[in-house]
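The sequence and the model come first, and the text then moves from single residues to the chain as a whole.

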Amino acid sequence: MTDAERGFFAELFDENIQVAPAVQDGLNHMISVTTEVPQLIASLLGKAKFTLLAEVGNYKLWFPLEMSLDEFGQPNPVLGIPEVLEYCGAERSWRLQAEPELRLSDKQYAGKVQVLSLSSSGMALQPDSLHTAEQLMQTNELTLCLPDGQLLRLGIEPVRRENNILATRISACKQNRDTLRRYLFQRHRQRHPALYQGLS
């Protein structure tokens, strides 16, 4: 890479830079590139050194951005699967609510636990009995079955239990984390199509 090319990338990724602001149908959209990965999503995006931030309505889409070299030695940016954050006061991972096709595939929990909500960082579970709730409180791994049949092994950490609803933090290997993020992003696009109209 030449000094001019290195200088270009140093300048491009030196700070938050607004790349493309737009207002469409009364919704503000903005795209920027940053080397600052917010603490809230750093663990969810893995080891991304650069991120592309797209602000769409009340949501922030954080795309991990990796740079690779093509066969001619030219820089080639590769966008990863975005982490969708919602912000209304405080930022948090977007939660998919009441998706009946989501289920746990572990034999001891199949048909006994309903997945009430799911995000990249956690899920809310409703067990069918006090006994099942107690078992879940002692569990540190679950297998989530996505509607397409993919099985995701997730580490869980119970955070709180209220009115027979268990809130948990989740963790996963990179492949499962990416699969979960892809699934959540697809569902977000399906549930909020107006936000994505005219964006390419």
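Leaving aside neighbours within four places in sequence, threonine 179 is in contact with Leu146, Gln150 and Leu152. The model is a predicted one. Threonine 179 is found in helix α4. Its relative accessibility is 10%, and because buried means under 20%, threonine 179 counts as buried.

Threonine 179 is one of several buried residues in this helix. The buried residues of α4 are Asn176, Asp178, Thr179, Leu180, Arg181, Tyr183, Leu184, Phe185, Arg187 and His188. How does the span of α4 agree with its 18 residues? At 1.5 Å a residue, the helix should span 26 Å, and its end C-alpha atoms lie 25 Å apart, so the two values agree.

**The nonpolar core**

The largest nonpolar core has 32 residues. Those that touch the most other members are Leu61, Leu102, Leu118, Met123, Leu142 and Leu144. Helix α4, which covers residues 174-191, gives the most to this core, with four residues.

Apart from neighbours within four places in sequence, leucine 61 is in contact with Leu52, Leu53, Ala54, Val56, Pro82, Glu83, Val84, Phe185 and Tyr196. Phe185, one of these contacts, is also among the buried residues of α4.

**Serine 117**

Serine 117 is found in strand β10, which runs over residues 113-118. With a relative accessibility of 10%, serine 117 counts as buried. Not counting residues up to four places away in sequence, serine 117 touches Leu96, Gln97, Gly122, Met123 and Ala124. Met123, one of the residues touched by serine 117, is also named among the core members that touch the most others.

**Pocket and cavity**

Which residues lie nearest the centre of the largest pocket? They are Arg95, Met123, Arg160, Ala167 and Thr168, out of 19 residues that line the pocket. Strands β7 (90-93), β11 (122-127), β13 (151-162) and β14 (165-171) are the elements that give two or more residues to this lining. The space in the largest pocket comes to about 440 Å³. Its lining residues divide into six nonpolar, seven polar and six charged.

The structure also holds one cavity of 30 Å³ or more. About 40 Å³ of space lies in the largest cavity. The residues that line the largest cavity are Pro82, Glu83, Val84, Trp94, Ser120, Arg181 and Leu184. By type, the lining of the largest cavity divides into four nonpolar residues, one polar and two charged. Pro82, Glu83 and Val84, which are among the residues lining the cavity, are also among the contacts of leucine 61.

Glutamate 162 is found in strand β13. Its relative accessible area is 51%, and because exposed means over 50%, glutamate 162 is exposed. The C-alpha atoms of glutamate 162 and glutamine 126 are separated by 9.9 Å, and the two residues are 36 residues apart along the chain.

Asparagine 163 lies in the loop between β13 and β14. Asparagine 164 lies in the loop between β13 and β14 as well. Most residues other than glycine have a negative phi. Asparagine 163 has a positive phi, near 50°, and asparagine 164 has a positive phi of about 65°. Is asparagine 163 buried or exposed? With a relative accessibility of 73%, asparagine 163 counts as exposed. Asparagine 164, at 28%, counts as partly exposed.

| Residue | Relative accessibility | Class |
|---|---|---|
| Serine 117 | 10% | buried |
| Glutamate 162 | 51% | exposed |
| Asparagine 163 | 73% | exposed |
| Asparagine 164 | 28% | partly exposed |
| Threonine 179 | 10% | buried |

**The chain as a whole**

The secondary structure of the chain comes to five helices and 14 strands. The chain has 200 residues, of which 39% are buried. Among contacts in the chain with a separation of 6 or more, 47% are between residues 24 or more positions apart.

Conventions: Residues are numbered from 1 along each chain as its sequence is written. This is a predicted model: local features need pLDDT of at least 70, side-chain atom pairs count only at pLDDT 80 or more; totals for chains, interfaces and linings use all residues. Side-chain values use heavy atoms; hydrogens and water are left out. A nonpolar core is a set of buried Ala, Val, Leu, Ile, Met, Phe, Trp, Tyr and Cys residues joined through side-chain atoms within 4.5 Å. Buried means under 20% relative accessible area, exposed over 50%, partly exposed in between (1.4 Å probe, protein chains only). Contact means heavy atoms within 4.5 Å. The expected span of a helix is 1.5 Å times one less than its number of residues. On a 1 Å grid over the protein atoms alone, a cavity is a set of points where a 1.4 Å probe fits but cannot get out, and a pocket is an open set with protein on both sides within 12 Å along at least five of seven lines; lining residues have an atom within 4 Å of a point. Grid points are joined across faces, edges and corners, and a volume is the space filled by probe spheres set on the points. Ala, Val, Leu, Ile, Met, Phe, Trp, Tyr, Cys and Pro count as nonpolar, Asp, Glu, Lys and Arg as charged, and the others, Gly among them, as polar.
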